[in-house]
Amino acid sequence: MGQHDRYDAIIAGAGHNGLTTACYLARAGLKVLVVEKNDWIGGAAVSRSLHEGWTYSNCSYVCSLLRREIVRDLDLPKFGLQVIPYEGGATFTANGDYFAYHSDHDALRREIARHEPRDVDAYDRFSQTVIRQCRFIRPFLLRSAPDPTSFKINDLQELLYLVKRAHGLGPRELAETLRFWTMSIGDFLDEHFENDLIKAHLAGSGIIGTGLGVYSPGTAYVLLHHYMGDVDGAIGAWGFARGGMGAISKALGDCFEAAGGTIFTGSGVERFLVEGGKIIGVALDNGDEYRAPIVASNMDVKRTFLEHTDAKDLPEDFTRAVKRFKIRGSSGKLNIALDALPDFPAAPKGANFLRGDLHASESLAELERAYDDWKEGRWSANPYFDMLIPSQIDPTMAPPGKHMMTVFVQYAPYALEKDGVCSGENWTEEAKKAFAETVFDKIEQVCPDIRSKVVHAEIRTPRDIEREVGLTEGNIFQGELTFDQLLFNRPVPGYANYATPIEGMYLVGSSAHPGGGVMAAPGANAAREILKKLGKGAAVAAEAA
Amino acid sequence: MMDGRIETRDVAAVPVGLIETPVFSRLDQISTAKQWGNWAGYISPLVLDTMEFEYFAIRNQSTLLDVSPMHKYRVTGPDAETMLNRMVTRDLRKVAPGRVAYAMWCDEEGMVIDDGTLFRFAENDFRLCCQESMHGWLLDAAWGFDVEVIDESHSVAGLSLQGPTSFSVLQAAGLGAAGSLKPFDLVKLEPDLWVSRTGFTGDLGYELWVPWDRLTKLWDRLWAQRAPWGMRAIGTHALDMVRIEAGFVAAKVDFQPVLTASRLGRGRTPIELGFERLVHFDKGHFNGRRALLKQRDTGPRYNLVRLDIGGFKPAQDALIYHRKRREVGHVTSGIWSPTAKRNIALAELRAPFGGEKTDDLWAEVYVNEEGRWDKRLVPVTVQTKPFFRNDRARATPPRAF
């Protein structure tokens, strides 16, 4: 093994978090290598062209959580990143009506009144509650989670910070916070609103990406997780990365290479090499070995430790906790190339809200039934979708006049039931097609002519997402965002500071605090911990006012 | 020649209050925000729909803005070049016909009267576009020269088509010949239609100039092509954001045109505004030359600089301190830049700050947090380059998006 195979740090996986860690380490002067199993970088933040002329955001499709502190630290706009907010959204009903979520506040109030006058002011109070909770939680995103069971100085200091912030809330809001973190989005919305359609529209954020139903405890937090981001300071706003979500990964990759880093694609980590409880490097699928005293895994905690680490290098209780970690695939996706913009007969022609997120689930009961199917190992017969046509805003995604549609679908199980047996193997080409047909049937509720406009479609099941991206069971968050595996319990109790039982080995993906979404916070927080341990005082993004 | 201001049937009466440009009815129809401003006496949209989305259309798709209210003066005749060259600080002999030049002009003390763009149609044919009324000054400056000065402010109208898909819109509207234009090029594409590759955005963009009564037709022609390219009509608020990103200065905001300021000492020289490169001392005499020569040796009194400001709150009007104690200047234009993802500003600092001294500078930013004022002292860094730079702005032929 030559000197050129030795690095100061190796990152396993070129997802957006791995690349973020890599950027910070390289900018602190370390010689850093990123290895990636796919021939492209980005993990679940990718833009790929599968049909000539069209670009898909194949997995993640909208951007809000990406921390602005990190974008600024790494100067990502200089590397081509541009995030463009989109306006509003709508939920369409089977009887030809719709609820439009206007970005214009006055229009939104009028629209709510059209459906239920009592809900107009309720919406403002709902927003106030959510924003208040967001303000409370946002500062914790770029900090390591304090462990209340530890008596280390760092943990105590962080704990004190948390207590201070919580104290600032006052007793009533603190109670509300605890309720919020543990209750269901269904219950929360029922407390605020009368109208079923409005509740259904708002409930989507509470279930996207989870193996939970709208009445499962913990889904109110999931809504918060989708609201706590921002676009240019507008909390809760979402946008598109110009050129698709891969533009984020590309900017991070370019930033990393500009800082002197090296990326190898096409062969992933086969094994983390451990000697005497310390990490010494990685062995790749292609047989190559690279050495480094620091190795960070961007893979989820299960994949990292159950598939690529020797069990005897790990304490048994740790392995058991990792095995217990909930990481359930619950969503699929259709990426569609369209010959023209489909018709929306219910909506006024050219309505702004058609440029936002579109849905067709009318009530919480309908959403809960969709979840019931999933529990039985079937995709929802009447699925929920989060559908957008980014090419209306981003001119780079499709030829002029043509469009690209992204349809996130819930629920779809990882282990599909067939003849009484649930297995990933049951996702045959036939099953995938039938799944897509179910989704198209539902889209027809919104766009009756959708099928005639389709030029190409990519169908992605949880199984596909696991196979391609490497996310266990195709869970988009690298693990459920439930209270039992958040904060100091993420990924497993005792290991919330990005370190692992193996010295020099770190976990930098969304399995770590603060969790999933294209946030880059786990990657940046991990870099901060690593640099701290190396005695390098390089500044890593901290929440700024 | 038609004049937008005057009812020719009743020349004795001039309208009181704001008047309409030719495309006002179009704007009024699409305006949901109903936010109108006063641009040189004309009704001009501040925001048509949402400032945020208008801003992003400039940086992501394309936008249409009616720039007809701009002051426009035609200078023609055998001495046109000599006369204008004596007026502005840059050397116009280097500006060939078919080119546009950004220029400043000063009084005898070297204080900037205004800045603007000079369009050179032919050897002896120029048009000056600027924010301030300049007819009188031009007539004074023309004294003794064989030139004719005509105020075209109300007879020539213009549309500014800006953004990465702006060329695609032109092409779709049958004006693809503009593709050969390099930045600051100017060409007559059709009878009565001049197109220049200019703008106030720092991005790819064009300005189209037609007689006043032809503007509506031009608007409709471009507007018909908006769909596939996401073109939006915009107001001036969004434009103000992008011009700060591009590092362009605005009269009456970042500097006070010396002829309009009643207080003494408000004038600034091109050197103080950061435009020494546009002062060509070697071209012979021009207005303000002696004073500017002197300042070149003694140094400026002020420095207008670009600042990268800490934190995320826009620093409009913030005071700038050295070592957190000594007040050395203030922000003249400050925004959060959604494209650069930085808190950016133009600021005037007392020399030597912003010049030789750029360390340990701080901005005092005031933030109103729902009724409680928070005062934040944040670090600032002086930047030499514009905050927005994208090679699509300079690529020729232009890209589709």
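## Close-up views of a predicted two-chain model

**View 1. A strand of chain A with both faces buried.** In strand 7 of chain A (residues 98-101), Y98(A) and A100(A) point one way while F99(A) and Y101(A) point the other way, and all of them are buried. Strand 7 of chain A has a partner, strand 6 of chain A (residues 89-92), and the two pair in the antiparallel sense over four bridges. Look for A90(A), which stands opposite A100(A) in strand 7 of chain A. The two strands make a hairpin with five residues between them. In its turn sits G96(A), with a positive phi of about 90 degrees.

**View 2. I10(A) in the largest nonpolar core.** Which residues touch the most other members of this core? They are I10(A) and I248(A), in a core of 275 residues. Leaving out residues up to four places away in sequence, I10(A) touches L33(A), V35(A), G281(A), V282(A), Y290(A), A292(A) and V295(A). In soluble globular proteins, nonpolar side chains tend to be buried together.

**View 3. Domain 1 of chain A against domain 2 of chain A.** Chain A is divided into domain 1 (3-49 + 59-83 + 244-325 + 479-533), domain 2 (124-231) and domain 3 (331-412 + 415-460). The C-alpha centres of domain 1 of chain A and domain 2 of chain A are 26 Å apart. Here 24 residues of domain 1 of chain A are in contact with 20 residues of domain 2 of chain A. On the domain 1 side, helix 17 of chain A (residues 521-533) gives the most, with four residues. That side has 11 nonpolar, eight polar and five charged residues.

**View 4. R125(A) on helix 4 of chain A.** Is R125(A) buried or exposed? R125(A) is found in helix 4 of chain A (residues 119-141). R125(A) counts as exposed because it has 10 C-beta neighbours inside 10 Å, and the cut-off for exposed is 12 or fewer. While you are there, find H192(A): R125(A) and H192(A) are 67 residues apart in sequence, with their C-alpha atoms 8.1 Å apart in space.

**View 5. Domain 1 of chain B meeting domain 3 of chain B.** The assignment for chain B gives domain 1 (8-70 + 154-246), domain 2 (72-151) and domain 3 (301-383). Between the C-alpha centres of domain 1 of chain B and domain 3 of chain B there are 32 Å. Their contact takes five residues from domain 1 of chain B and eight residues from domain 3 of chain B. Helix 2 (51-60) and helix 8 (236-246) of chain B each supply at least two residues of the domain 1 side, and helix 8 of chain B gives the most, with three residues. By class, the domain 1 side has three nonpolar, no polar and two charged residues.

**View 6. Chain B touching chain A.** This view pairs 20 residues of chain B with the 18 residues of chain A they contact. On the chain B side, helix 2 and helix 7 (226-229) are the elements that give two or more residues. Helix 2 of chain B gives the most, with five residues. The chain B side divides into nine nonpolar, six polar and five charged residues. For confidence, the predictor gives the complex an ipTM of 0.94 and a pTM of 0.95. Chain B averages a pLDDT of 96, and 97% of its residues score at least 70.

Notes. Residues are numbered from 1 along each chain as its sequence is written. Chains are lettered from A and ligands numbered from 1 in the order in which they are written. This is a predicted model: local features need pLDDT of at least 70, side-chain atom pairs count only at pLDDT 80 or more; totals for chains, interfaces and linings use all residues. Domain bounds come from an automatic or database domain assignment. Two residues are in contact if their C-beta atoms, placed from the backbone, lie within 7 Å. Ala, Val, Leu, Ile, Met, Phe, Trp, Tyr, Cys and Pro count as nonpolar, Asp, Glu, Lys and Arg as charged, and the others, Gly among them, as polar. A nonpolar core is a set of buried Ala, Val, Leu, Ile, Met, Phe, Trp, Tyr and Cys residues joined through C-beta atoms within 7 Å. A residue is buried if 20 or more other C-beta atoms lie within 10 Å of its own, exposed if 12 or fewer, and partly exposed in between; C-beta atoms are placed from the backbone. Two strands pair if DSSP finds at least two bridges between them. pLDDT is the predictor's confidence in each residue, from 0 to 100.
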